[in-house]
Amino acid sequence: MCGQLVGESKDSQALRGGIKLAEKSTAAAVRKALEGAKKRNFVETVELAVNLKDVDLSIPKNRISDDVILPSGRGRQVHICVIGSGELILKAKDIADTVITVDELNSIADDRKQAKRFANKTDYFIAEAPLMAIIGKKLGTVLGPRGKMPKPIPSGADPTGIIENLRKTVSVRTRDKKTFHVPVGTISMSPEKIADNIDTVLKRIETKLEKGKMNIASLYIKTTMGPSERLI
């Protein structure tokens, strides 16, 4: 009976122990994934692979399409482009990575290869609200499938706050696939910080699923080219 509460089954005791271990399991799994990754000549991304169950993603309303601000950041530079005019352009010049005017937008849109390259190198777009219709018409077929349609901002508004948040943001997109990946940091970050990011992403994902965590079949953590480590 030593170590077991009176009237408590062995299964209950094991459950208590499991709950205590679960508090550290995320960081431990991240640490193991980092240790198992070979050294590369670039900074690898750490990804969370999510496998869903009992959810029909052929129905659009069941799909997840959300942005999550990571408490510990991305661990890498996030490229942000602002599309606008006048005062917005002036305010964005010193804080955005790329700033383009309407005329420059037209030039990019006229060259489809250039538009694709531009979309691929940019993580997030911010656009002056009145320009959203024009952007949709000219670049919608390039940005839409990539989940990169601009986030609207009022004319003349200060984009500092939204840009600062986007530098710490990841997009969670399932589309129609039950398996999807979310970047949660890089190998240059500590396991604890990556674990904080993972927990934040998971909490958001659970709120988007009808049965919450019961719709999650399994979770894996891996670096870009490293082996995966199962979390659950």
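Predicted model: local features only at pLDDT ≥ 70, side-chain atom pairs only at ≥ 80, totals over all residues.

What share of the contacts in the protein chain with a separation of 6 or more comes from residues 24 or more positions apart?

Guide: Residues are numbered from 1 along each chain as its sequence is written, and side-chain values use heavy atoms, with hydrogens and water left out.

To your question: residues 24 or more positions apart account for 74% of those contacts, where a contact means heavy atoms within 4.5 Å. The protein chain has 7 helices and 10 strands, which are DSSP runs numbered from the N terminus (helices H or I, at least four residues; strands E, at least two).

Thr 122 counts as buried because its relative accessibility is 0%, and buried means under 20% relative accessible area, with a 1.4 Å probe and protein chains only. Leaving aside neighbours within four places in sequence, Thr 122 is in contact with His 79, Ile 80, Cys 81 and Lys 148.

The side chain of Thr 122 also reaches the backbone oxygen of Phe 118 at 2.9 Å. Phe 118 is itself buried, as is Phe 125. The count of aromatic pairs comes to 1, with ring centres required to lie within 6.5 Å. Phe 118 and Phe 125 form this edge-to-face pair, 5.6 Å centre to centre with 65° between the planes, edge-to-face being the word for planes over 60 degrees apart.

How values were computed
Buried < 20%, exposed > 50% of the residue type's maximum accessible area, 1.4 Å probe, protein only. Polar contact = N/O pair within 3.5 Å; in protein donor to acceptor, adjacent residues only side chain to side chain. Phe/Tyr/Trp six-rings, centres within 6.5 Å; stacked < 30°, edge-to-face > 60°.
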